[in-house]
Every structure is written in C-alpha cells, then in structure tokens.
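Morning, everyone. Please bring the structure up on your screens, and we'll walk through it together.

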Amino acid sequence: MRRSMRSLLVAAATASLVLPLCGVTAASAAPPGFSNADKSALRNQAPIDLAIGSAVWGKQQLVGYDPADPTEYQQVLGAQFSSLTPENDMKWDALRPAPDVYDFASADALVAYAQANHQQVRGHTLLWHSQNPAWVTEASTTWTCDEARTVLEDHIRTVVGHFKGQIYEWDVANEIFQDTWDNGGVRLRTEANPFLKACSDDPVGLLVDAFRWAHEADPDAVLFLNDYNAEGVNEKTDAYYALAQEMLVAGAPLGGFGAQGHLSLQYGFDTSMQENFERFAALGLQVAVTEADVRIPLLAGETGPTPEQVATQAERYDGMLQACLNVKACSSFTVWGFPDANSWVPDVFPGEGWATILEDDYSPKPAFDVMLRSLRDATPGTSPRKG
Ligand code: G3I
C-alpha cells in the first residue's frame with residue numbers, strides 16, 4: 001500500500017542536515033523546524049560521506065521560491081535530498097544566450113534554494129555536444145582550435161568562477177565518448193562536440209586544459225568526467241579509464257568519474273558496476289551515480305507498469321545504490337528528477353516512462369522504499385558507511 005504524500009512532507013520538517021563539503025565532512029546548523037529524528041528522508045538515512053541528490057529544473061520549479069510558502073514539490077525536494085543538480089539551468093543554452101551575455105538567473109535561483117535548504121549543488125555541465133546555443137553551433141563551423149579554446153576558456157572561468165565555493169562537484173566534460181553503436185565506434189566525439197571538433201588534432205590537450213581552467217576558477221570543486229552507458233566495465237568505460245590515466249599523467253586536476261545511470265527494463269543490469277567504480281577509485285578518483293532513473297517499457301495490453309516491473313525497477317535502483325555504497329570513493333548518488341511528470345523519459349522514449357522513484361502525488365514507489373532501507377542498512381548506528 002502506498003504511503004501518503006503527507007509522510008514525505010513530514011520528512012520535510014524533520015530532515016537531518018549534516019553535509020559533506022568538497023570531500024570534507026562538515027556539520028551544518030539545522031534550519032528551524034528540522035531535526036534528525038525522522039526516518040523517512042533519504043538524506044536523513046544516508047552515510048555522512050554520501051550526498052543523495054536529485055536533478056531539478058530551477059527555471060520551472062524554483063524561480064520565485066518563498067521559504068515561507070514552498071510548493072509541495074519544493075518541500076519534498078528539500079526534505080529528501082542533500083544535493084541538487086541543475087537539470088538544464090547550467091547548460092550552455094541556459095547560461096549563454098549570446099556570445100557576450102551570461103544569464104545566471106535560474107541557476108542562481110537554484111543555488112539560493114539549495115542553500116536555504118542546506119543542500120549542496122553538483123554543477124552540470126561545461127563541455128557537451130548537446131544543448132549548445134545556436135551561436136555556438138554556427139560559429140563552430142569555422143572555428144580554429146585557438147578560437148574554440150578562447151570561447152571555452154572564457155565560459156569555464158566565468159561560470160565556475162561565478163559559483164566559486166558553492167558547487168562541490170562539477171561535470172566538466174559530459175558524454176565526450178561515442179558508443180559502440182555509433183559511426184566509428186567508441187572514440188572521442190570529435191565530430192558532434194564543437195570544441196573537440198575544432199581541436200581534433202589534440203582533443204585530450206583541450207580536455208586537460210578545460211579541467212585546469214575549472215580548477216583555477218574553483219580549486220575546491222571536484223571535477224568529473226560524466227557519461228551514460230558507463231555503469232559497468234565495458235568498451236566505453238575502458239576508454240574512459242584510459243583517458244583518465246592519460247589526463248592524470250598530463251597533470252589534469254581530474255577528480256571524479258560519473259556514471260549517469262539511465263537504465264531501462266528492456267535491458268539487464270550490469271553487475272560489474274561496483275568493479276567499474278573500484279577501478280576508477282584505484283586511480284585516486286571519486287566516483288558518483290549522477291543521473292539515475294529506470295524507465296519502464298509499457299507491455300502489450302497494459303496501461304501502466306505491472307507489479308513485476310515496478311519490483312524490478314526497485315531492484316535496479318538498489319543495484320546502482322549498492323555499487324555506490326560499497327565503494328567509499330562514491331561521493332554522491334543523484335536521481336534524475338521526480339516525479340514521473342517531470343521526467344525527460346517519455347519525450348525521448350515513446351512507450352517508456354514511470355522512471356522516477358516517486359509517484360506524481362509524491363507518494364513513494366517501491367524503488368524509494370528500497371533505497372531508504374539500503375541507506376539505513378549501510379549506516380548501522382550512525383553515519384560512516386560500513387566496510
Ligand atoms: O529551451 C527551451 C526553453 O526555452 C523552453 O522554456 C522549454 C519549454 O519546455 O523548452 C526548452 O527546451 C528544453 C530543454 O531541455 C531546455 O534547454 C527541451 O524542450 C527539453 O527537451 C530539454 O530536455 C533536456 C535534455 O537533457 C536535453 O538534452 C532534459 O530536460 C534533461 O533531463 C536532459 O538531461 C540529460 C543530461 O543533461 C545529460 N545526460 C542525459 C540526460 C537525459 O537526456
């Protein structure tokens with residue numbers, strides 16, 4: 001039987017506030033009305049060294065936030081999560097409407113909400129082949145590498161500098177490798193990514209500098225490579241592993257590897273996820289699950305997910321969470337938004353959906369309950385995780 005939305009909102013008034021900052025654990029004063037007594041908040045059950053996050057689109061959900069009169073969504077977001085990732089607000093198309101214009105309005109609103117709710121922020125993202133504004137796409141057709149570097153350096157220094165001290169992890173480079181099924185197989189996206197394309201003679205050199213610029217702008221932020229289809233040990237993560245080694249040898253301030261965790265019940269679960277995280281951790285990197293969701297394909301004759309599908313979804317979420325809990329270097333576990341009504345999935349995968357951990361009335365799905373239980377079990381007594 002479903003627990004009510006009310007039970008999650010009770011959690012809103014009672015979530016604990018102990019925040020790991022920049023890899024260092026630090027206690028934070030609780031806001032009025034909050035205590036650590038409630039047991040139904042993910043953030044309240046998590047190990048002290050693991051941030052539990054959600055994506056949120058600040059422009060749609062947080063602009064105009066009034067702490068004295070939050071929406072139900074805002075209450076649940078604050079109650080359940082200790083970390084937020086801007087789903088769209090820190091992408092180029094949001095921040096750079098024109099070459100000489102930076103618009104931080106919705107990203108600033110997100111950061112302000114996070115601070116009011118004692119949450120950390122994961123920055124997303126500084127170098128990606130998607131959601132670039134038209135002026136980038138147009139200009140990039142004639143860019144020399146030097147011209148591309150100048151534009152990217154200005155963007156990274158300005159954006160990371162703007163949020164200096166307010167972001168604990170940055171997805172510096174997002175989805176920079178192709179997949180096995182793409183033309184040319186697994187290799188750096190030196191065609192689709194306008195910056196890597198302009199610098200295709202030495203794309204790794206550009207990546208090393210991108211991380212360096214970000215580090216110089218905010219030395220405390222942990223800087224990540226991030227991608228999908230990057231959960232288990234596979235050809236793509238082998239390429240990332242080699243790249244990470246190459247970047248570290250070159251002196252890049254690379255600090256983390258993020259597996260997005262966009263799964264579908266059409267496919268099985270890759271049980272090598274923990275092993276994959278362990279090999280990146282052995283390089284001295286943090287690891288993270290950065291965009292977890294588990295989409296469900298509608299079966300013939302069904303109008304919604306079957307109970308079996310819902311149970312399997314919970315297992316998949318838990319599989320990813322366990323891989324993270326079992327590797328101490330796993331610093332954050334982020335779900336890619338909630339509830340289902342806010343999910344990107346149906347727009348992109350017709351016939352699939354129900355991908356998040358909360359129903360549209362914010363009542364918890366089995367996936368939520370399993371995650372809550374696993375977080376609790378990982379921290380017998382109190383905070384530091386076992387093992
Ligand atoms: O730009 C317009 C905006 O002006 C307008 O207000 C709005 C009205 O709906 O539409 C805006 O475009 C949307 C855009 O996000 C915002 O820039 C698109 O419709 C929407 O489809 C687009 O989707 C996002 C998608 O990335 C785009 O690539 C999703 O919300 C977001 O969840 C998704 O996130 C990505 C991660 O960043 C990287 N990993 C994969 C993940 C899922 O695709």
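Let's start at the ligand. An oxygen atom of the ligand sits 2.8 Å from an N or O atom in the side chain of Gln-131. Keep in mind that this is a predicted model. How much of the ligand's own accessible area does the protein cover? On its own, the ligand has 810 Å² of accessible area, and the protein covers 61% of that.

Stay with the ligand oxygens. His-124 has a polar side-chain atom 2.7 Å from an oxygen atom of the ligand. Lys-59 has a polar side-chain atom 3.2 Å from an oxygen atom of the ligand.

Now the whole shell. There are 17 residues around the ligand. Which come nearest? They are Glu-87, Lys-91, His-124, Gln-131 and Glu-291. Sort the shell by class, and you get four nonpolar, seven polar and six charged residues.

Hold on to His-124, please. Look at the peptide bond from His-124 to Thr-125. Is it cis or trans? It is cis, with omega near 0°. And where is Thr-125? Thr-125 is in strand S5, which covers residues 120–127.

Step back to the loop between helix H6, residues 105–116, and S5. His-118 lies in that loop. Its phi is positive, about 55°, although His-118 is not a glycine.

There is another cis peptide bond to find. It runs from Phe-338 to Pro-339, with omega near -15°. Pro-339 is in the loop between strand S11, residues 330–335, and helix H14, residues 345–348.

Last stop: two helices. Find helix H11, residues 235–249, and helix H12, residues 273–282. Their axes are 10 Å apart, and the helices pack at an angle of about 10°. What does that angle tell us? Angles under 35 degrees count as roughly parallel. So H11 and H12 are roughly parallel to each other.

Which residues meet there? From H11, take Thr-237, Asp-238, Tyr-240, Tyr-241 and Ala-244. They meet Asn-276, Arg-279 and Phe-280 in H12. By class, this contact has four nonpolar, two polar and two charged residues.

Terms used. Residues are numbered from 1 along each chain as its sequence is written. This is a predicted model: local features need pLDDT of at least 70, side-chain atom pairs count only at pLDDT 80 or more; totals for chains, interfaces and linings use all residues. Side-chain values use heavy atoms; hydrogens and water are left out. A residue is near a molecule or strand if one of its heavy atoms lies within 4 Å of it. A polar contact is a pair of N or O atoms within 3.5 Å; within protein, one must be able to donate a hydrogen and the other to accept it, and residues adjacent in sequence count only if both atoms are side-chain atoms. Accessible areas come from the Shrake-Rupley method with a 1.4 Å probe; for residues, only the protein chains shown count as cover. Ala, Val, Leu, Ile, Met, Phe, Trp, Tyr, Cys and Pro count as nonpolar, Asp, Glu, Lys and Arg as charged, and the others, Gly among them, as polar. Axes are lines fitted to C-alpha atoms, for helices over the stretch in contact, and angles run from 0 to 180 degrees between N-to-C directions. Helices (H or I, at least four residues) and strands (E, at least two) are DSSP runs, numbered from the N terminus. Angles under 35 degrees count as roughly parallel, over 145 as roughly antiparallel, 65 to 115 as roughly perpendicular and the rest as oblique. Contact means heavy atoms within 4.5 Å.
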